[in-house]
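Good morning, and thank you for coming.

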Amino acid sequence: MRASRAGEGGEELQAERREKGRRKRARSDQEATGKERDKEEQPKIKSSKAVKTRKNVKNEKTKEMEEKQEEEEGEAEERNVKGKKKHGSAKKETREEDGGKRTVKEKAREEKKKKRKKVVETSSEQVTSEEDDNEEEDNEEKEVRPESLTPEELEMLKEAVDERKKLIQGLRGKPWSMKKKLVTLRESQEFVEKYEGALGKGKGRKLYAYKVMMTKKWMKFQRDFENFKTACIPWEMKIKEIESHFGSSVASYFIFLRWMYGINMILFCLTFGLVMVPEALMGRPYGTIPRKTVPRAEAASAMDFAVLWDFGGYAQYSVLFYGYYNNQRAIGWLKFRMPLSYFLVGVGTVAYSYMVVIRTMARNANESGVGDDNSFNFSWKMFTSWDYLIGNPETADNKFASITTSFKEAILEEQESRKDDNIHLTRFLRVLANFLVLCCLAGSGYLIYFVVRRSQKFALDGLENHTWWERNEVNMVMSLLGMFCPMLFDVISALENYHPRVALQWQLGRIFALFLGNLYTFIIALMDEINLKREEEKIIKFNITTWEASLYNSTVSENSTAPPITIQPADVPRGPCWETMVGQEFVRLIISDTMTTYITLLIGDFLRAVLVRFLNYCWCWDLEAGFPSYSEFDVSGNVLGLIFNQGMIWMGAFYAPCLPALNVLRLHVSMYLQCWAVMCCNVPQERVFKASGSNNFYMAMLLVILFLSTLPAIYTIVTIPPSFDCGPFSGKKRMFDVIQETLESDFPAWFSKVFSYASNPGLVLPFILLMVLAIYYLQSTSKSYKEANVELKKKLQTQNEENKKKNKLAALKAQTDLEEARKTASQSAELHKNNSASRQDQEDGEEDHGSCQRQYHNKNGRHPPPPVRDQDGQLPATRAPVPRTYHHVNHGSPGYLPGFPRQSEPKMHRVPSLQRH
Amino acid sequence: MGTTASQLGKDMLSEYQELTFLTKQEILLAHKRFTELLTKDEKDLPNTRVSEERILTLPELKSNPFRKRICHVFSTSEYKDGSLTFEDFLDLLSAFSDSATLEIKSHYAFRIFDFDDDGTLDCGDLEKLVNCLTGETDDTRLTTEEMRQLISNILEESDIDKDGTVNLSEFQHVISRSPDFVSSFKIVL
């Protein structure tokens with residue numbers, strides 16, 4: 001169509017008019033001239049219509065786009081026309097041949113209408129009003145030529161454009177239907193596009209247009225980037241699927257798992273990139289020095305799978321463990337400071353973890369800080385308790401049940417009618433339960449200690465003489481304890497008869513204590529072992545010096561000029577290297593922990609589900625509903641497991657740089673495995689908890705674990721001297737000496753001087769004091785803020801209560817007024833009726849009034865919201881004054897009350913009585 | 001408009017992105033899921049309405065106690081039959097999406113809870129709401145006494161102007177302080 005128009009050239013305007021005329025006819029907006037023109041150019045219209053129909057076949061959208069373009073063309077032209085009209089009167093004269101100024105203007109209006117109509121067509125909803133139309137029209141007529149505008153008008157235009165832009169941006173936040181939004185969007189976009197270019201003059205205009213274009217591009221880029229970002233979040237779809245089946249609490253575990261995975265990924269990158277890879281690439285290769293070689297005695301079995309599985313043999317003498325690293329100060333052509341890097345990565349791991357955990361906690365606290373008050377307890381239960389993500393009927397049933405119980409509980413709590421039937425018994429039972437739990441904890445602690453000591457004995461005898469169980473006893477016992485003790489606690493907690501929420505907290509606390517106790521017993525046992533190894537080391541060190549001396553003596557006595565005999569590094573006697581031992585212990589612990597987790601998952605969940613599912617066909621009772629049934633997904637237990645696993649990583653990562661890598665692997669596998677297990681063999685929890693409330697609870701636990709796990713690691717680093725012949729710090733008195741060494745040799749002299757001054761107690765102590773003071777200050781300010789908050793809350797509450805009182809008073813007053821009114825009414829009615837002869841009527845009337853009064857009284861009683869509302873509905877307190885006005889207005893008409901269902905009856909009485917007068 | 005059939009145009013896609021809180025992938029997924037609900041010859045027609053029953057076969061809505069209300073609120077059909085076009089469907093998903101604002105979520109929540117569409121939550125609405133939340137079975141239902149107590153407690157808390165009903169601003173006031181409304185008022189495909 002556009003092509004044909006271009007061909008027609010000067011006839012364009014006429015075509016436009018034709019179009020307009022057609023539309024106008026459609027709207028039955030009769031225009032004589034238009035009609036005439038239509039008659040003249042009938043065939044052309046037909047052709048254009050034909051084009052139109054052809055287009056209809058096309059995609060509707062493209063048609064619309066073209067239409068829009070068409071229109072814009074038309075508008076541009078129109079602007080042109082008007083410009084000509086304004087500037088050159090001669091040209092206006094020529095235009096007047098075609099229809100005159102009037103028609104041009106009309107045309108413009110009709111153009112508008114056409115657009116309008118299109119909008120209406122598409123929307124099928126008459127959202128836009130004619131007023132709007134006219135306004136815009138005026139606008140258009142005014143602002144056609146930006147050059148002719150005054151600055152104020154320009155400013156106004158700019159404002160209008162900005163307003164539109166804001167509208168576009170805020171459109172998605174409007175609760176309108178999509179059609180309305182689409183229409184508004186298109187309109188506003190059109191408006192903005194049209195007038196944006198008109199703003200500014202000359203150069204400024206170009207710049208403005210450029211700026212606008214760039215912002216548009218930037219927005220688009222941002223949107224694409226947003227899309228890209230969401231597409232990059234791993235496992236998003238998996239988690240959403242779980243979310244829709246099991247609700248947000250189960251999904252929160254997986255989100256937590258993903259978060260952990262992210263942290264471990266970064267830890268892994270740190271250790272892998274800065275420690276393992278440089279040592280493997282640039283350090284001395286395997287077999288050049290004793291610490292990098294498998295000793296002769298172990299060489300035969302170094303490649304056995306059993307040994308490798310225990311992280312002995314070749315695995316022990318590799319970058320995976322502390323002992324492999326050389327104490328060479330700078331390695332490779334990069335002069336990479338290996339020992340320094342090792343130390344800093346160790347410190348950085350801990351520092352980064354602290355930072356991330358605390359930052360997340362702070363963010364969570366910010367988010368949840370808003371909803372701390374308990375003033376909307378019931379309303380929240382009512383309005384926000386449904387989890388819309390639930391897409392599984394079973395979960396939905398459980399949710400129904402839990403909501404009902406929560407309602408009932410809340411009502412009970414409100415009534416405060418919970419009587420403890422036997423407080424002494426429950427107290428006794430609770431003490432007993434705690435005693436039992438303590439026994440369990442102590443027992444498990446002792447068991448671990450015993451097992452670790454026994455394993456040391458086995459280790460002294462040599463591991464080869466013992467069975468598999470005896471070799472892996474420690475880890476197995478720890479894992480088994482971690483598996484069965486929580487079940488035991490669960491049984492014990494049944495004694496206590498706590499509220500489920502409180503019970504869950506106790507349960508979590510106990511499991512936490514158990515894990516922590518186990519971990520610390522393990523560490524204490526490890527410390528014993530470290531001390532043993534260090535004594536062993538002393539002896540070996542002494543032996544080595546004598547051995548070296550003898551070696552030296554023998555070579556000297558044989559031939560003084562001969563080169564020193566090269567001894568195979570595998571043959572050199574070496575110390576026990578307690579750091580590697582610690583690392584190995586942790587790695588084994590992680591491995592066995594992972595294995596038990598997976599095996600329990602497979603047996604406890606999968607096998608159980610399979611058995612229940614298939615044995616159910618041939619069993620005497622319903623297995624699915626009855627005893628074994630399917631397992632639930634235990635969110636809290638799983639989260640605790642994850643947290644402790646992470647604690648072990650933090651503890652052991654310094655001595656075994658491979659730990660973060662292992663953990664990443666483990667988390668990766670558990671993500672898939674657990675997702676699969678949850679989806680295929682778990683049923684939703686019966687007690688459905690909200691995810692948001694517990695988030696920071698878990699985070700706090702993570703922080704505690706982080707602190708508790710870095711404590712022993714830092715203790716060993718600071719107090720125990722490193723082994724003399726293995727690891728990056730060998731030969732130094734303490735591990736952190738590496739910092740001093742670097743300061744002395746790698747930095748200019750003034751720097752170390754400054755550093756030594758800075759580390760002077762005279763400077764450090766005031767600094768610490770200052771920090772303490774700052775903390776104190778911040779603490780007190782936050783406290784005062786909190787107090788102010790509480791104060792404000794109180795004020796609000798008192799105000800609220802006052803309002804309530806006022807309302808009540810008003811209601812009472814209204815009621816008394818009403819009663820008075822009614823009395824007078826009944827009196828006057830009685831008077832009337834006394835005057836009238838019919839007694840029957842009077843009785844009826846009295847009855848009516850009585851019943852109504854009773855009804856009304858009920859409604860304005862102590863409870864503002866009436867208990868049961870039937871169809872005659874609400875007669876709330878605030879509306880009570882209304883009757884007075886009624887009363888005043890209809891002073892002479894007694895018994896005529898609003899909100900009174902049978903108000904016509906007294907009237908009926910009155911009318912006849914009046915007639916009788 | 002009206003490109004719901006077969007393919008979404010690029011312009012439509014960007015407009016939908018502009019108008020909803022959904023990302024491109026989500027819109028495409030929604031489109032896919034929506035066209036799956038259509039029969040074969042309906043796919044070629046633009047602006048097809050999908051009846052409420054068919055919308056409710058979506059697993060995401062199947063077990064929601066407010067499913068009918070949700071359809072009803074988001075439907076633009078003149079017959080009030082709860083049928084949805086693709087655009088209504090997008091509106092629904094946008095309001096229930098992760099990134100939708102509290103304001104829009106609470107607005108739609110209010111309309112969903114307003115069972116008689118009169119603009120306020122009165123006792124009848126609240127009662128229906130409680131019944132929805134406690135499920136259809138008799139053992140989870142509240143007794144009338146409990147129901148009365150519950151509703152009077154709710155009105156006590158959230159009916160600020162004491163007119164016996166909860167209106168939109170009161171509702172939004174209550175909701176805005178809730179810690180987990182935004183996280184639970186979500187539906188994802």
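Chain A has 33 helices and 2 strands; helices (H or I, at least four residues) and strands (E, at least two) are DSSP runs, numbered from the N terminus. This is a predicted model, in which local features need pLDDT of at least 70, side-chain atom pairs count only at pLDDT 80 or more, and totals for chains, interfaces and linings use all residues. Residues are numbered from 1 along each chain as its sequence is written, chains are lettered from A and ligands numbered from 1 in the order in which they are written, and side-chain values use heavy atoms, with hydrogens and water left out.

Of the 917 residues in chain A, 42% are buried, that is, under 20% relative accessible area (1.4 Å probe, protein chains only).

The largest nonpolar core has 101 residues, and Phe254(A), Val587(A) and Met735(A) touch the most other members. Such a core is a set of buried Ala, Val, Leu, Ile, Met, Phe, Trp, Tyr and Cys residues joined through side-chain atoms within 4.5 Å. A second, separate core of 78 residues includes Ile403(A), Tyr16(B), Ala100(B) and Cys132(B).

How do H18(A) and H10(B) pack? Helix H18 of chain A (residues 377-384) meets helix H10 of chain B (residues 168-176) at about 95°, with axes 10 Å apart. H18(A) is therefore roughly perpendicular to H10(B), a term covering 65 to 115 degrees. Axes are lines fitted to C-alpha atoms, for helices over the stretch in contact, and angles run from 0 to 180 degrees between N-to-C directions.

Notes:
Parallel < 35°, antiparallel > 145°, perpendicular 65-115°, else oblique. Buried < 20%, exposed > 50% of the residue type's maximum accessible area, 1.4 Å probe, protein only.
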